[in-house]
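Open the structure in your viewer and keep the selection tool at hand. We will go stop by stop.

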Amino acid sequence: MLRNVSLDEISDGKLYTENDMVRVDTNSCQGCRTVCCQNMGKTIVLDPMDVYRLTTGISRTFEEMLGRELELNVVDGLIMPNLKMQEKDGKCIFLQDDNRCSVHGMRPGICRMFPLGRYWEDNTHFKYIVQKGECNKDNLSKIKLKKWLGIEGLAAYDRFVILWHQYIKQLQSELSGLDDEQIRILNTFNLRLFYITPYAECRDESSFYQEFDKRVATAREKLGL
Ligand code: SF4
Ligand code: SF4
């Protein structure tokens with residue numbers, strides 16, 4: 001979800017890259033009385049990598065997860081999946097009774113970055129920001145940004161993030177020329193190609209990236225992007 005706001009409004013005003021030290025280490029949230037991971041509405045929007053990690057990690061298909069762990073909502077005109085907060089208590093379904101994440105190793109990219117966010121300088125470059133007012137613990141420690149993300153093969157992941165960002169922006173820019181039925185067809189196509197069709201055949205992240213590239217090429221060809 002993109003926001004058109006000034007850096008100073010939402011962050012400490014600085015831009016960070018993966019080798020920078022950032023004060024975001026919560027030390028496993030020890031001693032904090034806040035319970036994050038609840039009442040986040042529709043904000044944990046998932047990209048195809050998130051869905052690949054979750055569906056292969058817990059051995060359930062995207063369609064099996066829809067309704068219980070995931071839901072669909074409209075984000076800037078496109079139907080996208082997000083983590084579903086539970087109706088009874090507003091908590092993410094993956095939050096355990098001890099307030100730990102049950103899918104920590106395969107948690108979505110937005111959760112992985114928190115309290116960092118991405119700041120897009122243009123369509124192909126982004127940097128990270130420390131989001132203001134997100135983590136309210138007083139004594140956060142400094143940590144190297146890439147260590148905080150904990151993503152193996154960060155360069156390949158960044159390439160994926162940029163490709164997905166560009167593709168979604170292109171799709172969104174197409175929407176203004178379409179009628180409701182055409183938008184419905186485009187959304188169905190996009191959901192099926194990038195989310196519903198399983199990534200189960202991908203044996204590791206590198207084969208996921210190859211498969212993702214093929215799907216982007218297919219989408220561009222079919223949609224004339
Ligand atoms: S997936 Fe884990 S880290 Fe993300 S909101 Fe749910 S419990 Fe929190
Ligand atoms: S406010 Fe910060 S330290 Fe507290 S639970 Fe949330 S992320 Fe952890």
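Helices here are DSSP runs of H or I with at least four residues, numbered from the N terminus. Bear in mind that this is a predicted model.

**Stop 1: helix α2**

Select residues 48-57, which form α2. Is this helix mostly covered or mostly open? It is mostly covered, with eight of its ten residues buried. Click through the buried ones: Pro48, Met49, Asp50, Val51, Tyr52, Arg53, Leu54 and Thr55.

What lies over them? The cover includes the helices α3, α4 (109-113), α6 (154-175), α7 and α8. The strand β3 (78-83) is also part of the cover. Now step past the end of the helix. Ser59 follows α2, and its phi is positive, near 55°.

**Stop 2: the largest core**

In soluble globular proteins, nonpolar side chains tend to be buried together. Look for that here. The largest nonpolar core holds 21 residues. Select Val51, Tyr52, Leu83 and Phe208, the ones with the most contacts inside this core. Which helices supply at least two residues each? They are α2, α3 (62-65), α7 (180-196) and α8 (205-223). The largest share comes from α2, with four residues.

**Stop 3: Leu83**

Go back to Leu83. Set aside its neighbours within four places in sequence. Leu83 is then in contact with Ile44, Leu46, Glu69, Leu70, Cys92 and Pro108.

**Stop 4: ligand 1**

Leu83 is also one of the residues around ligand 1. Color the shell by class: ten residues are nonpolar, none is polar and one is charged.

**Stop 5: ligand 2**

Move to ligand 2. Around it are Thr26, Cys29, Cys32, Thr34, Cys36, Cys135, Asn136 and Lys137. How do the residues of this shell divide by class? Four are nonpolar, three are polar and one is charged.

**Stop 6: Ile168**

Finish in helix α6, where Ile168 has its place. Ile168 has 18 other C-beta atoms within 10 Å, so it counts as partly exposed; a buried residue would need 20 or more. Ile168 and Asn190 are 22 residues apart in sequence. In space, they are 9.8 Å apart, C-alpha to C-alpha.

Definitions and conventions
Residues numbered from 1 in each chain as written. Chains lettered and ligands numbered in written order. Predicted model: local features only at pLDDT ≥ 70, side-chain atom pairs only at ≥ 80, totals over all residues. Near = placed C-beta within 6 Å. Nonpolar A, V, L, I, M, F, W, Y, C, P; charged D, E, K, R; others polar. Core = buried A, V, L, I, M, F, W, Y, C linked by C-beta atoms within 7 Å. Buried ≥ 20, exposed ≤ 12 C-beta atoms within 10 Å, placed from the backbone. Contact = placed C-beta atoms within 7 Å.
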